[in-house]
Protein chains: 2
Amino acid sequence: MSLMTEARLGTSAGSESKGAGARNPTYESDFVLDEHLLLESGRTLAGVTLHYAVYGRLNAARDNAVLVCHALSGSAQVGAWWPEVFAAGALLDLDRDCVICVNLLGSCYGSTGPGSVDPETGQVYGPDFPLVSIRDNVRAQARLLDSLGIRRLRLALGGSIGGMQALEWAILFPERVERAFIIAVAPVSAMGLALNHVQRQAIQQDPEWASGRYLPQKPPQRGLALARQIGMLSYKSAGLFDERFGRNPNRNGEDPWSLDDQGGGLIGGRFDIAGYLDHQGQRFIDRFDANAYLAILRTMDTWDPLHGHSSSAEAYGRISASLIFVGISSDWLFPPESVREFAAAIRAAGARAEYREMASSHGHDAFLAEQAELVRLLQ
Amino acid sequence: MSLMTEARLGTSAGSESKGAGARNPTYESDFVLDEHLLLESGRTLAGVTLHYAVYGRLNAARDNAVLVCHALSGSAQVGAWWPEVFAAGALLDLDRDCVICVNLLGSCYGSTGPGSVDPETGQVYGPDFPLVSIRDNVRAQARLLDSLGIRRLRLALGGSIGGMQALEWAILFPERVERAFIIAVAPVSAMGLALNHVQRQAIQQDPEWASGRYLPQKPPQRGLALARQIGMLSYKSAGLFDERFGRNPNRNGEDPWSLDDQGGGLIGGRFDIAGYLDHQGQRFIDRFDANAYLAILRTMDTWDPLHGHSSSAEAYGRISASLIFVGISSDWLFPPESVREFAAAIRAAGARAEYREMASSHGHDAFLAEQAELVRLLQ
């Protein structure tokens with residue numbers, strides 16, 4: 001399914017497919033922490049708001065909670081971007097489960113981020129928004145669950161940055177997580193850091209970025225669109241691109257061999273893949289903020305589950321949840337070998353960590369693009 | 001060798017390693033075509049100059065000529081960027097061979113390019129420089145060889161865009177090529193087109209690019225540096241990056257977990273891979289021109305050896321040279337499977353086309369970074 005819900009091979013790494021099957025939350029709300037959030041970096045964040053969505057209802061025993069964690073550009077509305085995990089007989093059953101999804105700190109979908117006002121200065125954070133780690137997010141999410149009276153999660157799960165959170169939950173709060181599904185993720189590799197580095201520069205080099213102090217009505221659109229395009233290269237696979245676009249000229253009739261067009265002989269008409277990427281970039285700037293993108297790239301880059309622990313054995317040995325790791329065969333951002341090795345390292349520390357591999361040509365994005373397949377693998 | 005001739009894992013896709021073993025040409029010269037070059041696009045290019053370098057001497061029979069074709073950012077000085085192919089017992093022997101290397105049209109190393117003056121207008125071409133195809137280059141090179149009295153090449157060879165030229169020589173002028181080595185190349189895939197598309201935009205989005213009409217003293221340096229960085233991701237491999245840089249902080253002491261630095265909390269200190277990429281970008285802008293980069297990307301993108309031929313059998317069936325294709329095991333810009341399939345398609349048309357695979361962790365760049373290994377494979 002899913003692919004055809006969008007014009008030209010949509011989705012990606014955490015986003016927006018709102019096709020058939022999308023479902024609305026039971027409710028959405030904001031939770032405001034009653035004290036400063038002490039960040040791993042040593043800084044504090046005041047007046048922290050977490051925007052979250054709830055699907056289904058907490059039962060009387062409060063033991064039916066599931067936490068879904070979203071990826072880079074996702075939102076709390078998991079029913080919109082991951083509808084098939086709710087399908088009949090799939091992973092989550094809203095007659096049984098109470099599903100919670102919390103927007104990441106740093107994002108632009110309701111939780112505190114660079115676009116929020118710093119209560120201590122009365123100014124928008126902009127580039128002064130601090131580094132908020134995966135662990136900081138998980139600690140804040142735990143306070144939210146406390147407020148909801150949820151002590152223990154039946155399941156925590158997510159793909160990509162969402163998987164980082166799910167694993168960190170299992171390490172930080174072993175007594176609160178029964179199972180975790182950690183999909184298409186491992187600590188970011190050097191190539192992953194490199195990809196994020198060039199995306200970051202695409203935004204910073206846009207004059208409209210203005211060192212992060214742009215006005216909301218004048219955002220660095222070209223830079224953000226380019227960053228998104230670069231990101232897309234890492235979310236998809238070469239095989240999928242060959243199959244869908246090949247070396248075809250752009251479907252709007254542009255001719256890559258033409259002489260006269262925007263940019264003169266140096267640029268030329270676009271190939272179909274270029275038209276697709278441009279389209280994706282344009283769609284993205286309508287829904288995402290450049291500083292939020294930068295903030296979450298940094299959250300992603302700096303994730304090290306061993307940070308502050310004395311050893312792998314100590315960190316992973318804490319885990320009591322049963323873990324399932326999923327690698328995607330064509331993922332080159334988080335290659336399946338890396339996910340497999342990551343799971344093996346955690347298993348070596350004594351945790352229960354199973355590895356499963358999803359055969360897909362969709363690359364990293366397969367956890368969004370081929371949800372039915374993912375569901376089958378995790379059932 | 002080679003790696004250590006540069007500060008931090010140097011070389012790449014056509015460039016500049018001037019370490020031990022570099023050798024000077026016997027002479028360098030400019031050849032000016034005595035008539036307009038009729039381009040495949042139908043346009044003509046006036047006053048075409050080819051800058052070329054010659055190593056060794058043509059023998060009396062004029063049957064010892066070897067043509068080396070360079071890649072994107074290379075120059076005619078093959079003795080500087082590919083020194084090990086000249087080593088004792090290696091591929092080329094200057095007591096026997098006369099080696100010629102011609103700078104690509106569109107480049108900034110002496111041949112006519114966007115920085116040249118159009119004799120018909122008296123103005124610098126800039127963005128009006130036309131699309132010059134691989135075949136256009138080969139036709140111009142053939143005129144140069146005519147002028148030197150060279151009817152037949154003992155060998156034509158090159159990596160990446162250089163390999164495109166070597167193959168096109170064998171197709172266009174079957175009677176003039178005895179052997180060809182075609183290294184790490186196939187028609188550019190959709191992922192390759194995508195990578196070039198984002199590099200192109202990095203340059204175009206730099207305000208200094210000024211639609212291609214920048215002054216030489218005010219070039220789009222940031223955009224070109226970013227394009228180069230993106231290119232580097234495709235020239236190297238994830239495995240090499242992990243091995244050399246991993247998740248280490250930048251070796252200059254920057255801290256990715258730091259709070260205060262250029263760009264505020266959204267940016268942070270760099271990882272080592274980011275410092276490396278920035279360094280490569282900076283080195284590149286000192287030696288290359290943005291419009292030349294754009295021109296050659298387009299030459300690369302549009303290469304289709306079947307263009308204008310009625311079929312694969314007709315195009316490749318023309319070839320009389322004996323061909324050796326080389327794929328590099330860790331190349332993801334031109335994956336070894338693609339090179340192998342390309343060779344198979346050519347063999348299926350009746351040409352002699354052998355495929356050999358180079359085991360290397362260096363990615364696409366291995367033909368420059370591991371020259372000794374390449375030489376061994378081709379001997």
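Me: The side chain of Asp301(A) makes a polar contact with which side chain?
Reply: With the side chain of Asn196(A), at 2.7 Å. A polar contact is a pair of N or O atoms within 3.5 Å; within protein, one must be able to donate a hydrogen and the other to accept it, and residues adjacent in sequence count only if both atoms are side-chain atoms.

Me: What kind of model is this, and how are things numbered?
Reply: This is a predicted model, where local features need pLDDT of at least 70 and side-chain atom pairs count only at pLDDT 80 or more, while totals for chains, interfaces and linings use all residues; side-chain values use heavy atoms, without hydrogens and water. Residues are numbered from 1 along each chain as its sequence is written, and chains are lettered from A and ligands numbered from 1 in the order in which they are written.

Me: Back to Asp301(A). Buried or exposed?
Reply: Asp301(A) is buried, with a relative accessible area of 3%. Buried means under 20% relative accessible area, exposed over 50%, and partly exposed in between (1.4 Å probe, protein chains only).

Me: Which helix is Asp301(A) in?
Reply: Helix α8 of chain A. Helices (H or I, at least four residues) and strands (E, at least two) are DSSP runs, numbered from the N terminus.

Me: What else is Asp301(A) in contact with?
Reply: Leave aside neighbours within four places in sequence. Then Asp301(A) is in contact with Val188(A), Leu193(A), Asn196(A) and Arg200(A), plus Arg247(B) and Phe271(B). Contact means heavy atoms within 4.5 Å.

Me: And Arg298(A), where is its place?
Reply: In helix α8 of chain A, residues 290–301. Arg298(A) is buried, at 2% relative accessible area. A polar atom of the Arg298(A) side chain lies 2.7 Å from the backbone oxygen of Gly265(B).

Me: How many residues of chain B are in contact with chain A?
Reply: 64, and they meet 64 residues of chain A. The two chains bury about 5200 Å² between them, 65% of it on carbon and sulfur atoms. Buried area is the accessible area (1.4 Å probe) that two parts lose on being put together, summed over both.

Me: Which residues in chain B lose the most area to chain A?
Reply: Arg247(B), Leu266(B) and Arg298(B), together 15% of what that side buries.

Me: New topic: α8(B). How many of its residues are buried?
Reply: 12 of its 12. They pack against α2 (134–148), α3, α4 (190–204), α5 (221–235) and α7 (272–285) of chain B.

Me: What caps the N-terminal end of α8(B)?
Reply: Asp289(B). One of its side-chain oxygens lies 3.2 Å from the backbone nitrogen of Asn291(B).

Me: Which residues of α10(B) are buried?
Reply: Pro336(B), Val339(B), Phe342(B), Ala343(B) and Ile346(B). Down the axis of α10(B) they fall within an arc of 125°, so they line one face of the helix. The arc is that of the directions from the helix axis to the C-beta atoms. On the other side, Glu341(B) and Ala348(B) are exposed.

Me: What do the buried residues of α10(B) pack against?
Reply: α3 (161–172), α9 (312–317), β9 (322–328) and β10 (352–358) of chain B.

Me: Last one. What is the phi of Ser160(A)?
Reply: Near 60°, a positive value in a residue other than glycine. Most residues other than glycine have a negative phi. Ser160(A) lies in the loop between β7 (155–159) and α3 (161–172) of chain A. Ser160(A) is buried, at 4% relative accessible area.
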